[in-house]
Amino acid sequence: MTTPHVWLPVPLEDLGDLPAAFTYHHWDGEEGFPADPADCAFYVVPYMKPAEVAVRPLPAMTSVRVVQTLTAGVEHVAPAVPSLPSGAVLCNARGVHDASTAELALTLILASLRNVPAFVHDQAARRWRQAVHPALADKSVLIVGYGGVGAAVEDRLVPFEVGRVDRVARTARDTARGPVHALSELPSLLPLADVVVLAVPLTDDTSGLVGADFLARMKDGALLVNVARGRVVDAAALLAELEAGRLRAALDVTDPEPLPEDDPLWKAPNVLITPHVGGASSAFLPRAGRLLAAQLERFAAGEPVHHVVAEAP
């Protein structure tokens, strides 16, 4: 009996110890396939590749049982699920990027509030300009999307002596740190926040969530931080607020990506842009390896895998 085939987007030696019960193939989106896709039972989707690359082998993967992303969001693969073999599951990488993305969110908050980009420009120009800038201490922060990343953001905010943290998710619940409010409560919470952090998944409900009305409810001078997905924000509405000088923004994600060279967002005032690098840190590979080892061990034992977000009918 042949061993089940697993396709990995990362060389096997870079992922630590994975179960020996499989035949592994490395494929990271290249034109040619490393083996017959029909033999693949467990497909790990190439990381940070376009949707058309991620789903390209799926029509030929007639034996696949698990499709595993290395991202928390699965919007680039989810449309292909109905065409998978019946009972095949799509899993996300819940937990893999929490620490790294939360670190970047905190970095963006601090850099924006303390105006670090201006200091970088001043250093290049050998210009010494002292000024008083806002501190994170005593600020009110609203976290929109209180899953793994949102909770990790709050973990990192606490030592900075923030004055208040409000939490919002799809459904209300209680946590050890306090209540999580439903999305329907956003209108009353937005005017209270000095900093709004977006950490929601991209779904039909969250696409365009941050539109003109959402932004208008934010207080003058507030900072919007997006470590979620670009399409969560109405880019035109945000640009209007930035150009008016009323709001500030720090964006790790944009719509579209990459942001075109002629996009006016590049030159908008009071905006800091990073190129979707929230999860791209040294923390990624060790955590990805641990996730894959655990998932493959369950799969080898005939046990249900974790982090299932969709199943083929």
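Here is a short note on the aromatic pairs and the neighbouring strands of this predicted model.

1. Some ground rules. Because the model is predicted, local features need a pLDDT of at least 70 and side-chain atom pairs count only at pLDDT 80 or more, while totals for chains, interfaces and linings use all residues. Residues are numbered from 1 along each chain as its sequence is written, and side-chain values use heavy atoms, with hydrogens and water left out.

2. The strands. Helices (H or I, at least four residues) and strands (E, at least two) are DSSP runs, numbered from the N terminus. Two strands pair if DSSP finds at least two bridges between them. Strand 1 pairs with strand 2 in the parallel sense, over four bridges, and Val6 has Tyr24 in strand 2 as its bridge partner. Strand 1 also runs parallel to strand 3, with three bridges joining them; here Trp7 stands opposite Tyr43.

3. Which way do the side chains of strand 1 (residues 5–8) point? His5 and Trp7 point one way, Val6 and Leu8 the other, and all are buried. Buried means under 20% relative accessible area, exposed over 50%, and partly exposed in between (1.4 Å probe, protein chains only).

4. The aromatic pairs. A pair of aromatic rings is described by the distance of the centres and the angle of the planes. Rings of Phe, Tyr and Trp (its six-membered ring) pair if their centres lie within 6.5 Å; planes under 30 degrees apart count as stacked, over 60 as edge-to-face and the rest as tilted. A search of the whole structure finds nine such pairs. One of them is Trp27 with Tyr43, a tilted pair at 6.4 Å centre to centre and 40° between the planes. Trp27 lies in the loop between strand 2 (23–26) and strand 3 (40–44) and Tyr43 in strand 3, so the pair ties together parts that are 16 residues apart in sequence. Both Trp27 and Tyr43 are buried.

5. A pair across the chain. Phe42 is in strand 3 and Phe299 in helix 8 (residues 284–300), 257 residues apart. Phe42 is buried, at 0% relative accessible area, whereas Phe299 is partly exposed, at 21%.

6. A cluster and a proline. Ring pairs link Trp7, Trp27, Phe33 and Tyr43 into a cluster. Pro37, in the loop between strand 2 and strand 3, is buried, at 8% relative accessible area. Which residues does Pro37 touch, not counting those up to four places away in sequence? They are Trp7, Pro57, Ala60 and Met61, where contact means heavy atoms within 4.5 Å.
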